[in-house]
Amino acid sequence: MFVLGMLICCTLTTLAQKIVPTGKISLTIFDNAGKPLPFASVALRHLKDSSLVKGELTSATGECSFEKIPSGHYFVQASQMGYTTQYSQAFQIDAAHTSISLNNIKLETLAKNLQAVNVTATKPYIESAAGKTVLNVENSVNAAGNSALDILRRAPGVKVDNNENVTLKGQSVTVMIDGKLTYLSGEQLTNLLKTTPGESIAQIEILTSPSAKYDASGNGGIINIKTKKGKMTGFNGAVNATLTQSKYGRYGLSGNFNWRTEKFNFFGNFDQGDYPRMVTRDYNRTIHESDKSITALQQDVFQRNRFKNNYLKLGFDYFINEKHTIGVLANGYKNAFSNQIFSNTNLGKQGMPADSVINSLTTNNNHFDNIAVNLNYKGALDTVGGKEISFDADFARFNNNRIMLLHDSVYDMHSQLNRNPNSIRTTGGTQITIKSLKADLSWPLGKEGKLETGVKASFVTTTNEMQFDSLFHGAFKPSPTLSDQFNYQEDVYAAYASYKKQLNKTAVQLGLRVENTSSEGHSLTTNTSVKRSYLDFFPNVNVEQKLNDRNKLSFAYSRRIERPQYGQLNPFMFYLDKYTYFRGNPYLKPQYSNSAEIAYTFKDKYIATFRVSRTTDMMEEFITQNDSTKASISTERNYDKTDIASLLLTLPFQITKWWTSDNNADFSYNKYKFNDPANDQLTFTRENFNYYISSTNTITLPHDMKLEVMGYYNSPFVFGIFRGYSQYNLNVGIQKMFLNKNATVKLSYNNILRNESYHGAAEFENLHMNIFNTWQFRTVNLFFSYRFGSTTIKAARERKTGTSDEQKRAG
């Protein structure tokens with residue numbers, strides 16, 4: 001806090017020496033019919049190098065002005081979709097010319113004669129630069145009927161492992177929705193992504209090198225899912241419906257609205273759906289017995305999941321005046337997740353018929369809810385808008401209640417009798433409370449410079465209770481040795497400063513974030529506690545050099561942290577069946593990564609990005625096998641280090657006026673090293689070269705129709721002790737717009753090649769496990785959307801709340 005105080009003092013001292021702008025520029029934009037053109041884009045540029053000084057939109061009467069512009073030589077560029085781009089004559093601002101009224105600029109309508117083929121300008125599906133990749137999901141035909149998780153599976157650099165956890169370049173990520181962290185991790189985060197409909201998503205931002213303003217959590221970076229919103233005063237919205245047929249039918253309903261006046265903005269969105277899904281799992285293991293024989297264990301799992309979600313978000317902004325706004329944002333869900341897991345496990349000598357079969361049925365019923373409230377203020381401290389201050393106060397609470405029943409018995413193949421029936425019941429709950437306060441300041445410094453600084457404090461309390469009962473003589477009796485209560489407290493204090501500067505054709509951003517963490521985990525059952533306290537520094541550098549009007553070179557570096565998820569620290573055991581279970585690790589340490597990347601952009605569309613990273617103490621799933629009990633135990637452990645180098649190519653092509661092709665290729669080298677701190681002789685190293693290619697082709701058809709074909713291939717890969725075989729697939733969709741383009745119907749056919757699965761193995765020491773998990777089958781999706789109300793509504797303020805990486809670690 002002392003460092004931050006000195007920083008703010010220095011900042012205020014520098015502010016006293018600020019340069020006072022001296023000029024005002026005004027103009028009006030017309031169309032070719034002589035009518036004022038509202039909401040046209042107007043850019044003020046330096047005459048010397050065409051660099052951007054400031055951008056504005058024209059008013060409803062076509063007028064636009066720039067105020068407090070420093071002395072210099074400038075020109076104005078005006079554009080609007082569907083019109084030609086025009087430029088003003090050059091002009092100068094100096095002591096004798098402080099008020100410039102430019103001649104009216106006329107934009108001509110673009111010609112549209114394409115012989116019955118209606119071509120509209122759309123963004124490419126994937127845009128990329130150093131430190132950032134953007135998926136423009138809104139215009140994708142195949143997004144309808146798919147979930148956020150389905151879309152992320154096909155994103156460059158993103159992988160979904162055998163447990164459906166999302167990683168980026170082999171590293172953990174922080175997931176945000178509309179700039180707000182999700183508070184979830186593990187299974188709950190996966191379920192949220194599964195039930196976030198693709199039709200409600202506008203964009204997905206993948207930030208591999210976020211600025212110091214963001215929390216330092218997430219070694220791979222940040223994935224920010226932007227949902228659709230209204231765009232300008234009045235009332236508008238949309239309603240959506242999706243029907244999907246696969247092994248089971250499912251449906252989803254969603255919608256959003258935006259009501260804006262001169263004094264307030266009221267907005268919201270909802271999602272409701274029922275999503276049954278089938279999952280199959282095959283595990284094959286070998287066990288070396290003490291008598292030198294080998295036992296084969298073949299496990300076939302059929303799992304039917306059902307997820308019912310009800311999500312609502314409401315927000316209200318009140319515009320005190322043009323400079324100051326206060327707002328409240330509330331969102332929550334009330335969801336239910338249940339499944340039935342049927343498992344047949346064949347036991348016998350390798351190469352021989354099975355001696356016995358263990359039949360088990362596991363049922364899970366989870367009910368979880370969340371409420372999160374954000375109070376915020378944003379103020380502009382000058383008329384130009386470069387000086388801003390904001391405050392956020394957040395409160396969130398999560399509740400998760402679970403009941404699990406496991407029944408199993410052994411069928412003896414020789415006597416053909418069932419024996420050893422066994423039943424286990426677990427009941428329990430998790431409650432997580434998160435409180436956060438943060439303040440941010442943005443202030444111009446000198447010419448073309450800006451300082452951003454801020455502070456944040458977050459406080460997390462989580463309580464986990466789990467009661468184990470075993471069936472004994474027809475009644476469930478408590479098993480105190482298996483039951484557990486685990487409490488966890490974590491406080492994080494953070495401060496950051498980030499400086500941006502435009503130096504002719506070079507843009508530089510330097511940032512530093514400081515985070516102090518104190519945590520304590522306590523198991524009441526084992527009466528053990530683990531306390532930690534550590535101070536970390538996270539620098540961030542971004543440099544962009546404009547080579548000419550259409551080519552640029554950029555560099556990004558960042559250091560980041562990933563703290564353990566709250567559930568990963570709980571030493572309690574979670575059972576899938578009697579041979580497969582997960583145990584938490586209270587001694588799990590946070591992992592740190594250093595990443596650097598260079599990107600070259602050619603002709604404003606072809607991009608090559610080279611990235612290297614090293615992660616120390618990487619947390620990753622580790623499976624050990626107990627040969628005597630034949631059980632496999634999954635837990636999170638810290639690897640020694642992980643090195644990754646990758647080359648990402650973004651290649652969009654305009655093949656014809658009606659056919660665009662967005663292509664990506666990602667080549668990477670991955671190396672994992674593990675040293676067991678309890679056994680110096682126990683080391684593990686694995687490396688692999690992997691590549692991923694994808695192509696999204698969009699064909700514009702007559703009568704407001706569009707066809708999209710998307711395919712991808714992911715070569716064999718390794719991830720820690722796991723290795724996976726190749727993955728590939730093909731999706732096709734068609735779209736039709738009608739009712740003045742307010743209504744949209746999309747029909748898509750996904751997973752045509754039926755390879756949306758994980759097929760691989762886990763190998764370490766005495767563990768030799770083959771894995772084949774399938775969670776997606778061929779699906780046919782029918783989607784309908786209708787937009788209503790005004791089409792000129794300003795969007796709700798998009799803001800990042802104070803609840804940082806705490807959100808995605810809950811669960």
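Student: Is Arg 306 buried, partly exposed or exposed, and what is its relative accessibility?

Tutor: One thing before we start: this is a predicted model. Buried stands for under 20% relative accessible area, and exposed for over 50%. Arg 306 comes out at 36% relative accessibility, so it counts as partly exposed.

Student: Which residue does Arg 306 form a salt bridge with?

Tutor: The general idea goes like this: side chains of opposite charge can pair when their charged atoms come close. Here, Arg 306 pairs with Asp 274, and the closest N and O atoms are 2.5 Å apart. Arg 306 belongs to strand E21 and Asp 274 to strand E20 (residues 264-288), so this pair ties together parts that are 32 residues apart in sequence. Asp 274 counts as buried because its relative accessibility is 10%.

Student: How many salt bridges does a search of the whole structure find?

Tutor: The search finds 20 salt bridges. Another one to look at joins the side chains of Glu 452 and Lys 500, at 3.9 Å from N to O. Glu 452 lies in strand E26 (residues 449-472) and Lys 500 in strand E28 (residues 484-503), so the two tie together parts that are 48 residues apart in sequence. With a relative accessible area of 12%, Glu 452 is buried; Lys 500, at 32%, is partly exposed.

Student: Are Asp 215 and Lys 456 buried or exposed?

Tutor: Asp 215 is buried, and Lys 456 is too. Their side chains meet in a salt bridge, 3.0 Å from N to O.

Student: Let's switch to rings. How many aromatic pairs turn up in the whole structure?

Tutor: There are 29 aromatic pairs. When you read one, check the distance between the ring centres and the angle between the planes. Take Phe 622 and Phe 674: they sit 4.5 Å centre to centre with 35 degrees between the planes, a tilted pair. Phe 622 is in strand E36 (residues 619-626) and Phe 674 in strand E39 (residues 659-676), so the pair ties together parts that are 52 residues apart in sequence.

Student: Which residues do ring pairs link into a cluster with Phe 622?

Tutor: Ring pairs join Phe 622 with Tyr 639, Phe 674, Phe 684 and Phe 764. Phe 622 also has a charge over its ring: the charged end of Arg 637 sits there, 5.2 Å from the ring centre. You can find this arrangement again at Tyr 248, where the charged end of Arg 304 sits over the ring, 4.1 Å from its centre.

Student: What about the surface? Which residues form the nonpolar patch?

Tutor: Among them are Leu 243, Tyr 251, Phe 270, Leu 314, Ile 734, Tyr 749, Val 780 and Leu 782, and the whole patch has about 900 Å² of accessible area. Strands E19 (249-260), E21 (294-319), E45 (743-750) and E48 (779-789) each supply at least two of the patch residues.

Student: Where is Leu 782 found?

Tutor: Leu 782 is in strand E48. Its relative accessibility is 42%, so Leu 782 counts as partly exposed.

Technical notes: Residues are numbered from 1 along each chain as its sequence is written. This is a predicted model: local features need pLDDT of at least 70, side-chain atom pairs count only at pLDDT 80 or more; totals for chains, interfaces and linings use all residues. Side-chain values use heavy atoms; hydrogens and water are left out. Patches are made of residues with over 30% relative accessible area and no salt bridge: like charges are joined within 9 Å, nonpolar side chains (Val, Leu, Ile, Met, Phe, Trp, Tyr) within 5 Å. Accessible areas come from the Shrake-Rupley method with a 1.4 Å probe; for residues, only the protein chains shown count as cover. A salt bridge is a side-chain nitrogen of Lys or Arg within 4 Å of a carboxyl oxygen of Asp or Glu. Helices (H or I, at least four residues) and strands (E, at least two) are DSSP runs, numbered from the N terminus. Buried means under 20% relative accessible area, exposed over 50%, partly exposed in between (1.4 Å probe, protein chains only). Rings of Phe, Tyr and Trp (its six-membered ring) pair if their centres lie within 6.5 Å; planes under 30 degrees apart count as stacked, over 60 as edge-to-face and the rest as tilted. A charge sits over a ring if NZ of Lys or CZ of Arg is within 6 Å of the ring centre and within 35 degrees of the ring normal.
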